[in-house]
Amino acid sequence: MMYETHYEVTPLTLAVIGGDKGNRFSSRVLEEEEIIQVKQPASKIIDLACKFFGSSLRGRQEGTKDICNITHKVPVSIDPSSGMYFFPTASPNSPQCSWIAHSHIDRISKAANQSTEVIFKNGTSITLPVSHGIILNQIQRTAQFRYLLDHRIKYLWKNNADMVAEPFV
């Protein structure tokens with residue numbers, strides 16, 4: 001396992017796992033090929049990823065709320081053009097909040113003690129201390145948000161493809 005002080009979310013990021021109660025300022029990042037321990041809270045890592053693409057976690061949350069009226073545990077689009085949509089497993093203010101990449105999920109299943117196993121498309125799996133129903137709801141809400149945002153983007157491209165924001169004179 002690698003240890004880092006900073007991490008940049010990429011399309012290869014499967015999940016950003018929040019710290020346990022004893023290690024609330026550290027996160028584990030699951031990528032397709034490795035696990036990285038990062039000395040930052042999970043929501044801070046997601047916030048920095050949003051800022052890299054010109055917004056902030058708060059700005060992305062507000063955008064989601066405007067598009068589909070989700071008000072709690074709001075999924076976000078870090079970068080819709082590369083398919084980076086993540087959803088939180090708890091309140092983003094909680095150090096135990098984890099963020100899961102929607103496009104990498106293969107399936108979920110119930111685990112012991114009201115937990116849920118998330119199996120990713122590459123075969124990696126994690127067990128989160130969150131109920132199956134909550135994870136299923138988050139997956140469905142993220143899918144709804146992705147659909148609505150994608151529909152808006154396609155509509156704009158289709159109807160304004162020949163328009164340029166700042167044409168050269």
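**Reading the labels**

Modeller: Gladly! Let's start with F52, which is exposed because its relative accessible area is 57%, and exposed means over 50%. Keep in mind that this is a predicted model.

Biologist: Then what makes F53 partly exposed?

Modeller: The relative accessible area of F53 is 32%. Buried means under 20% and exposed means over 50%, with partly exposed in between, so F53 is partly exposed.

Biologist: How many aromatic pairs does a search of the whole structure find?

Modeller: The search finds 2. In one of them, F52 and F53 sit 5.1 Å apart, centre to centre, with 80 degrees between the planes.

Biologist: Why is the pair of F52 and F53 called edge-to-face?

Modeller: Ring centres must lie within 6.5 Å to pair, and planes over 60 degrees apart count as edge-to-face.

Biologist: What does the pair of Y85 and F145 tie together?

Modeller: Y85 lies in strand β6 (residues 84-88) and F145 in helix α3 (residues 132-160), so the pair ties together parts that are 60 residues apart in sequence.

Biologist: Are Y85 and F145 buried or exposed?

Modeller: Y85 has 5% relative accessibility and F145 has 3%. Buried means under 20%, so Y85 is buried, and so is F145.

Biologist: Now the loop between β6 and β7, where T89 has its place. Why does T89 count as buried?

Modeller: The relative accessibility of T89 is 5%, and the cut-off for buried is under 20%, so T89 counts as buried. Leaving aside neighbours within four places in sequence, T89 is in contact with several residues, including K73, Q96, L128 and I135.

Biologist: And G63, how do you know which class it belongs to?

Modeller: G63 has 27% relative accessibility.

Biologist: Let's turn to strands. How do you know that β2 and β3 pair?

Modeller: Two strands pair if there are at least two bridges between them. Strand β2 (residues 13-17) is joined to β3 by 4 bridges, so they pair, and they run antiparallel. In this pairing A15 stands opposite L30 in β3.

Biologist: What joins β3 to β4?

Modeller: A hairpin does, through 3 residues. β3 and strand β4 (residues 35-38) also pair over 4 bridges in the antiparallel sense, and S27 stands opposite V38 in β4. Strand β3 (residues 27-31) is mostly covered, with 4 of its 5 residues buried.

Biologist: Elsewhere, what makes β8 and β10 edge strands?

Modeller: They belong to an open sheet of 3 strands in the order β8-β9-β10, with antiparallel pairing. β8 (105-111) and β10 (125-128) each have a single partner strand, so one side of each is left without a neighbour in the sheet. The twist averages 20 degrees from one strand to the next. β8 pairs with strand β9 (residues 115-120) over 6 bridges, and S109 stands opposite E117 in β9.

Biologist: How many helices and strands does the chain have?

Modeller: The chain has 3 helices and 10 strands. Of its 169 residues, 41% are buried. In helix α1 (residues 42-52), the buried residues include A42, I45, I46 and A49.

Biologist: Which elements have the lowest and the highest mean pLDDT?

Modeller: Strand β1 (residues 2-4) has the lowest, 70, and strand β7 (residues 99-101) the highest, 98. For the chain, the mean pLDDT is 90, and 89% of the residues reach 70 or more. Where pLDDT is low, the predicted coordinates should not be read in detail.

Key. Residues are numbered from 1 along each chain as its sequence is written. This is a predicted model: local features need pLDDT of at least 70, side-chain atom pairs count only at pLDDT 80 or more; totals for chains, interfaces and linings use all residues. Side-chain values use heavy atoms; hydrogens and water are left out. pLDDT is the predictor's confidence in each residue, from 0 to 100. Helices (H or I, at least four residues) and strands (E, at least two) are DSSP runs, numbered from the N terminus. Buried means under 20% relative accessible area, exposed over 50%, partly exposed in between (1.4 Å probe, protein chains only). Rings of Phe, Tyr and Trp (its six-membered ring) pair if their centres lie within 6.5 Å; planes under 30 degrees apart count as stacked, over 60 as edge-to-face and the rest as tilted. Axes are lines fitted to C-alpha atoms, for helices over the stretch in contact, and angles run from 0 to 180 degrees between N-to-C directions. Contact means heavy atoms within 4.5 Å.
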